[in-house]
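Work through these exercises with the sequence and the structure side by side. Try each task before you read its solution.

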Amino acid sequence: MKNKQPSVGLCSIVESVNIEEMKDSIRQYILSYQGRDPDRADKRDICKAISFALRDILVAKWIETQKSYYDKHQKRVYYLSLEFLVGRSLGNSLLNLGFYDKMAVALKKLGYDIEDLREEEEDAALGNGGLGRLAACFLDSFATLGIPAYGYGIRYEYGLFAQRLVDGFQVESPDNWLRYGTAWEFKRPHYLFPVRFYGRVHSYTDKDGNYRAEWVDSEEVVAMACDYLVPGYNNDRVINMRLWTAKASRELDLSYFNRGEYIGAVKSKVRSETISKLLYPTDHVREGRELRLKQQYFFVAATFQDMFRRYKKKNKTFDMFSDRIAVHLNDTHPAIAIPELMRLLVDIEGLEWDKAWGIAVKTFAYTNHTLMPEALETWPVVLLGRVLPRHLEIIYEINRRFLDEVAQRYPGDTERLQRMSIIGEGSLKHVRMANLAIVGSHAVNGVARLHTELLKTRLFKDFHEFYAGKITNKTNGITPRRWLLKCNPGLAALISEKIGMDWATELDQLRGLESYVADADFKKRWQAVKLENKERLASYILEECGVQVNPATMFDIQVKRIHEYKRQLLNILHVITRYHRLLDNPQKNITPRTVIFAGKAAPSYWQAKLIIKLITSVAEKVNSDKRVNGNLRVVFIPNYGVSVAEKIIPAADLSEQISTAGTEASGTGNMKFSLNGALTIGTLDGANIEILEEVGEENIFIFGLTAEEAEWLRCNPGRTGRSVYNDSAEVRRTIDSLCDGSFNEDMELFRPLLESLLDDNDPYLLLVDMEAYLQCQDEVDEAYTDQCTWTEKSILNVARMGKFSSDRTVAEYAREIWNVDVGK
C-alpha cells in the first residue's frame with residue numbers, strides 16, 4: 001500500500017473527528033514508522049504514532065522557519081547549555097500547534113484518554129534542575145517570540161539517574177530514557193564533525209615572521225547531530241535543539257581484530273562513545289572529572305564547526321561574524337568555547353590575535369547561575385593541558401594580556417591581580433572558568449536582582465569595578481504555556497473564560513483577574529479547581545507511595561534538588577515540631593497539613609541523602625501514629641522530574657522557598673507555584689524578593705535573615721545555632737529527637753545532621769532562622785482557616801505574575817545583549 005502524507009491526513013482527520021480515517025492513519029504510522037502490527041498495538045504504540053504525525057508537521061514548519069532566517073539575513077542566537085530539561089514533548093507540541101483539545105476529543109472517540117497516552121512517553125531527563133529547565137523554557141520562548149535561535153547541548157543516552165527509595169534511602173539507577181526509542185528525534189548522519197583531544201602543540205614561525213601553533217598527534221571522536229524540534233505557540237514557527245552524540249572515528253580496529261584481540265578491536269569505539277553516555281559523570285574521581293571536561297569541549301567543538309558551516313554559506317570573511325552570530329553561555333560549562341573560537345580564528349582561519357579577540361568578545365555573553373564560590377567551575381591546569389593542550393596555551397595568553405590591562409589600571413595591586421587572574425595559583429594551579437567567561441564576553445548577567453547585586457558587590461566585585469556596566473540583571477522567567485496552560489488546564493480554562501486567551505503570550509494580562517477577587521462565584525470555582533488538582537495528586541501519591549492523603553488538608557510542598565542551602569532540613573524540623581505539638585495537645589484545633597517533599601540528591605552528596613532518609617523516617621513515624629488523627633501526613637515522592645512537577649505544582653496550597661538568604665541565584669519553582677495559585681512561605685532570597693514586590697507583602701509569608709544579615713553573622717560572633725538550641729526548649733526537643741531513637745533505631749544515624757545544626761560555623765544558619773520560620777508557619781495556619789481570604793490571596797498571586805514570563809526574560813536578552821529582533 002502506497003503511503004500518503006500521513007501527517008497532513010491525520011491533522012485534517014483530527015479537525016473533522018473522522019474516527020475511521022483516524023484509525024487508518026494511526027495504523028499507517030504504527031506499520032510504516034514503527035514496523036509493528038497495528039492489530040497488536042498497545043498504548044505506547046499509539047502514543048508514538050501520534051508523535052510521529054506531529055513530528056512530520058513540525059519538520060515542515062521548521063524548514064520554512066529556517067528558510068526565513070536565510071531570506072532575511074537574520075542574526076542567529078546559539079544558546080549553549082550542558083542541560084536541557086525538556087520533559088515530555090507530546091502534550092507541549094499538541095498544545096503549541098493548537099491540536100490538544102481536538103486530539104483529546106478524537107482519541108476519546110477511539111477509546112483512548114490523551115492523558116493516559118502521554119504517560120507512555122519517557123521524560124527527556126537531559127538536565128539536573130533549574131539550569132536545564134530554564135533552558136527548556138527559553139527554547140519555548142525563542143520559538144514563540146520568533147527569535148532565530150538554536151539550543152545546543154549533548155544527547156545523553158542516560159539522563160539524570162532514576163531515583164528509588166529503599167528503606168528510606170535514595171538509591172540511584174540508570175535513567176535509560178531512550179530504551180524504547182523516541183519519536184521526536186531526527187538523527188543527522190550527514191552532520192558529522194571531528195572533535196580532538198590530547199596530543200601536543202607544534203609551534204613555528206611562518207614566512208611573515210608570525211608565531212603559529214598547530215595541534216598535532218591528537219585522538220579523535222566524531223560528533224553526530226540529533227535534532228529535536230520545538231514549536232512556538234500558535235505562530236507556525238519551529239526551532240531546533242541540536243544535541244550531539246559521540247561516535248568513534250573508526251568502528252573497528254582491524255589490526256586488533258585480525259590478531260584475535262576482539263575486545264581490543266572495539267575498545268576505542270566504546271571509550272569514544274562514552275562521552276555522550278551519561279549526564280554529569282561523578283567528578284570526585286579523576287576519570288569522572290576528565291570525562292566531564294571532555295563532554296564540555298565535545299559539544300562546544302561540534303557546535304562551532306556547525307556554526308562555521310552555516311556562517312560560511314553566505315560570508316567569505318569573518319568581518320560580519322559577531323553581527324550575524326550571538327553565542328550565549330548558560331553558566332560556565334560551555335566557557336571552553338572562548339579559547340575554542342580563538343583557536344579556530346587564529347590557528348585555522350589565520351586571523352591576527354587582536355582582531356580575533358575583538359570578534360570573540362562581541363560574540364559571547366555569559367549567564368552566571370550561582371552565588372556559591374565553591375560552585376564556580378575550575379579545572380586543574382595539569383588536566384586541561386593534557387586533554388586540550390592548545391586551549392591551555394590560549395587561556396594563558398588571554399590571561400597575560402588581560403592582567404597587563406588590570407596592572408595598568410591598578411599599578412602595584414598584586415592582590416587584585418591574583419583575585420582577577422584566570423589562572424588560580426596555589427598548590428594546584430587551576431583555570432577559573434567564570435573569570436574566563438567574564439573576560440571573554442561583552443555581557444554578563446545574573447538571574448535575579450538580588451543575585452546580580454551580590455555578583456557586583458561580592459563574588460565579582462573586582463570585575464564590576466574594572467568592566468563598568470558589563471554585569472546586568474535579567475530576572476529568570478518560566479513559560480506560561482507549559483507551567484499553566486498545559487499543566488493546569490482547569491485553572492487555565494477558568495482564567496480564559498474571564499479574560500480571554502491572550503495571557504498565554506502576554507502574561508501581564510493576568511492582571512485582569514483582579515476584577516474577580518471579590519466575586520463569590522468565581523472564588524468558589526477557583527477553590528473547586530484547586531481541590532480537583534489536589535485529588536488528582538492524592539491519587540498519584542497513593543499509587544506511587546502507598547500513602548493515603550486527604551485533599552481537604554493544606555498541601556504544603558517543597559520540591560527541588562536536595563541541598564543543604566535549600567534547607568529541606570529546616571522544613572522537616574518544622575514537621576517534627578508540629579508532630580510534638582500534636583502529641584502534647586491533641587485537642588488543640590490545628591490546621592491539618594499534608595507536607596510533600598520531592599527531589600534528588602547528587603549521588604556523592606551524603607549529607608543531602610541523609611536528609612532524604614530523615615524525611616522518610618519522619619514520614620513513616622508520623623503517618624503510622626494514630627494520635628495525630630489525620631492532622632499531619634508526610635510524603636516523599638520519588639523520582640522527581642518535569643512530568644511529576646506538572647502533577648504536583650497545580651495542587652499546592654503552600655510553596656516552600658526557604659533557602660538561606662543570599663544563596664539562591666533566582667529559583668523558578670517559586671514562580672511556577674505562584675502562577676498556579678500557591679502562596680509562598682520564603683526568605684528574602686533570589687526571585688522571592690521580586691515576587692514579594694509584585695504580589696504584595698500581604699499575599700506572601702516572609703521570614704528570616706536578609707542576605708546582609710546572614711553575611712554579617714557569618715563574619716561576626718553573634719547568635720548561633722547552639723545558642724538557639726540552648727535558649728529554646730521547643731527547638732532543643734526537636735533537635736534532640738534526631739538522635740534519641742524517635743525516628744530510627746540507630747540513634748547515631750542522624751548524628752551528622754545534628755552536629756551540622758549545632759556547628760557555630762553552619763553556613764546555612766538553619767537554627768538561627770528556625771524560630772522565625774516556626775512563627776511564620778503559625779501565621780500560615782491562621783491564614784488558611786479563612787478560606788475566603790486565602791482564595792483571594794491565591795487569585796492575586798496568579799494575577800500579578802506577569803513579570804515572570806520567560807517571554808519577557810528572553811525579549812530582554814534579545815534587545816539588550818544579543819541585539820536581535822523579536823517577532824520578525
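**Exercise 1. Find how many salt bridges the whole structure holds, then examine the pair D306 and R309.**

Solution. 
- Step 1. This is a predicted model. A search of the whole structure finds 70 salt bridges.
- Step 2. Take the pair. The side chains of D306 and R309 meet with N and O 2.8 Å apart.
- Step 3. D306 and R309 lie three residues apart in helix α10 (residues 286–311), so about one helical turn separates them.
- Step 4. Check the cover. Buried means under 20% relative accessible area. D306 has 0%, so D306 counts as buried. R309, at 22%, is partly exposed.

**Exercise 2. Compare E532 and R536: how far apart are their closest N and O atoms, and where do they sit?**

Solution. 
- Step 1. The closest N and O atoms of this salt bridge are 3.3 Å apart.
- Step 2. Both residues belong to helix α22 (residues 520–545). They are four residues apart, so the separation is about one helical turn.
- Step 3. E532 is partly exposed, with a relative accessible area of 43%. R536 is partly exposed too, at 45%.
- Step 4. Now look at shared partners. Salt bridges join R188, D227, R242, D306, R309 and R310 into one network.

**Exercise 3. Describe strand β12 and the strands that pair with it.**

Solution. 
- Step 1. β12 covers residues 325–330, and six of its six residues are buried.
- Step 2. Sort the directions. I325, V327 and L329 point one way, while A326, H328 and N330 point the other way.
- Step 3. Turn to β1 (residues 76–80). Five bridges join β1 to β12, and the two run parallel. Y78 has V327 as its bridge partner.
- Step 4. Turn to β13 (residues 364–367). Four bridges join β13 to β12, again in parallel. Here A365 stands opposite H328.

**Exercise 4. Trace the chain from β20 to β21: which helix does the path use, and what is its handedness?**

Solution. 
- Step 1. Start with β21 (residues 632–637). Six of its six residues are buried. L632, V634 and F636 point one way, and R633, V635 and I637 the other.
- Step 2. Six bridges join β20 (residues 593–598) to β21, with the strands parallel.
- Step 3. The chain passes from β20 through helix α24 (residues 606–624) to β21. This β-α-β crossover is right-handed.

**Exercise 5. Explain why β14 and β15 are edge strands.**

Solution. 
- Step 1. Three strands form an open antiparallel sheet, in the order β14-β16-β15.
- Step 2. β14 (378–380) and β15 (423–424) each have a single partner strand, so one side of each lacks a neighbour in the sheet.
- Step 3. Three bridges pair β14 with β16 (residues 430–432). W379 stands opposite V431 of β16.

**Exercise 6. State how many cavities of 30 Å³ or more there are, and characterise the largest.**

Solution. 
- Step 1. There are five such cavities.

Key:
Residues numbered from 1 in each chain as written. Predicted model: local features only at pLDDT ≥ 70, side-chain atom pairs only at ≥ 80, totals over all residues. Heavy atoms only, no water. Pairing = 2+ DSSP bridges. 1 Å grid on protein atoms, 1.4 Å probe; cavity = no way out; pocket = protein on both sides within 12 Å on 5 of 7 lines; lining within 4 Å. Points joined across faces, edges and corners; volume = space filled by probe spheres on them. Buried < 20%, exposed > 50% of the residue type's maximum accessible area, 1.4 Å probe, protein only. Right-handed = clockwise from strand over helix to strand, strands pointing away. Salt bridge = Lys/Arg side-chain N within 4 Å of Asp/Glu carboxyl O.
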